[in-house]
Amino acid sequence: MPIALVDCNNFYVSCERVFNPRLEGVPVVVLSNNDGCAVARSGEVKALGIKMGEPWFKMKEMAQRHGIIALSSNYTLYGDMSARVMSILSNFSPKQEIYSIDECFLDLDGFDPNTLMDYGQKIRHTVRQGTGIPVCVGIAATKTLAKLANHCAKKGFAGSDGVCDFGRLNDQQLSILFSSMGVGEVWGIGRRITAKLQQLNIKTIEDLRRANPEYIRQQFSIVVERTVKELNGISCIELEEAGEPRQQIMVSRSFSHPVTSFQELSESVASYTTTAAEKLRKDRSLVASICVFIHTNNFKPEEPQYSPSMVVPLTNPTDDTLKLIRAATEGLKRIYRQDYRYKKSGVLLMGLHPKGIQQGSLFDDPANQAKSDDLMKVMDAINIKMGKGSVSIAAGGVQKDWSMKREKKTPNYTSNWKELPVAG
């Protein structure tokens, strides 16, 4: 059963280039929250040797020397562009597994093997035409091999032009290819496992492919054993059309500057709770309890440290933003202490379960529940249509001086009416 892994190239950078073509061919880096470190790099930046996670302050001198353009992360834009890409890809297979924000698996079972290379190119062309995002396609008999094929497609291995189909290679050709690739390139083989495999003289992908699965299971786990089988074309990891429902939802951010007042802390907690509640309703789930936490900066040991948390059980499971903010604020009141410089706050929704199967209480008022549901539906509908934050709870603040620093952020080109791109 052939499987395709479609992966967007340098996704965050590509999203920025769609709306600013002048960034094409220019070294671009996208920074993390508070413009801290690199979370995405263009090919030009990678060629300069800048690694993922490199702090911005360390590369400023190199940025000036090589003309590197730094941008703040714009997750609203990236999320919307991802949805557009995945929508297009859903038309190419009856079964699709969205694996991450920038990659998905497609089931190509039943397709003519002789047409898969052309089909991969059609996928690339359609996504590029519809969104402006470049993608590469890896095709193979298992998910693990498809990931490797995608890696080869990006690197231009095996004569690929953005598409690599392992089904076109015989065993000898695969053996030569895999012998040239380190075992750490395999999906799911991290640094620790790589180090231990190398101690066992398993250094290349071919070494792992030829290893005895039972021996590998004894030395590692059934997960690594399955990887060996997948490398040999035996499918052990099924395509998941719908992911498992989340058991927890956490929203947390660092502040742009140290926060000391309860007012600013409560605004941040209310804002994060609003975001968490939106995710909760999108999943059609209810939450049984909410945990609120605040942290000082543990990277400044010279300052007093305090990092408490408080779990607030809810009388009835809910997805109502107002009820969740009240509970989170109550928890914050119990743990807040003056004379500390707080660097971060957040909320964690716990005890999630599907909406509609909760047991009612003797004192529940169906009319109040209906009003709550209607209010949340209206808020969500307005924010979807008019842009995130168009309607919000006042407790989340207006100025939000505490919010994370994103001095280099680009507009929300696709999700905010006021920031739509203008041709001219």
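Two strands pair here if DSSP finds at least two bridges between them. The model is predicted.

Start with a bridge. In β7, V137 is the bridge partner of V6. Six bridges join β1 to β7, and these two strands run antiparallel.

Now the other neighbour. Strand β7, residues 135-140, pairs with β8 in the parallel sense, over three bridges. V137 turns up again here: V163 in β8 stands opposite V137. I139 has its bridge partner in β8 too, namely D165.

Step back to the whole sheet. Five strands form an open sheet with mixed pairing, in the order β5-β6-β1-β7-β8. Which strands stand at the edges? They are β5, residues 96-100, and β8, residues 163-165. Each has a single partner strand, so one side of each is left without a neighbour in the sheet. On average, neighbouring strands of this sheet are turned by 15 degrees against each other, direction ignored.

Back to β7. Is this strand enclosed or open to the outside? Six of the six residues of β7 are buried, so the strand is largely enclosed by the rest of the structure. Take the two faces in turn. In a regular strand the side chains alternate between the two faces of the sheet. On one side of β7 we have V135, V137 and I139, and on the other C136, G138 and A140. All of these are buried, and both faces are covered.

Next, a helix. Helix α6, residues 143-155, lies across β1, β5, β6, β7 and β8. Its direction is at about 140 degrees to β7.

Helix α6 also takes us to a pocket. The second largest pocket holds about 660 Å³ of space. Its lining counts 24 residues, and D7, C8, N10, K46 and K154 lie nearest the centre. Which elements give two or more residues to that lining? They are β1, α1 (11-19), β3 (38-41) and α6. The largest share, six residues, comes from α6.

To close, return to β7. This strand has β1 as an antiparallel partner and β8 as a parallel one, with α6 lying across both.

Conventions. Residues are numbered from 1 along each chain as its sequence is written. This is a predicted model: local features need pLDDT of at least 70, side-chain atom pairs count only at pLDDT 80 or more; totals for chains, interfaces and linings use all residues. Side-chain values use heavy atoms; hydrogens and water are left out. Helices (H or I, at least four residues) and strands (E, at least two) are DSSP runs, numbered from the N terminus. Axes are lines fitted to C-alpha atoms, for helices over the stretch in contact, and angles run from 0 to 180 degrees between N-to-C directions. Contact means heavy atoms within 4.5 Å. On a 1 Å grid over the protein atoms alone, a cavity is a set of points where a 1.4 Å probe fits but cannot get out, and a pocket is an open set with protein on both sides within 12 Å along at least five of seven lines; lining residues have an atom within 4 Å of a point. Grid points are joined across faces, edges and corners, and a volume is the space filled by probe spheres set on the points. Buried means under 20% relative accessible area, exposed over 50%, partly exposed in between (1.4 Å probe, protein chains only).
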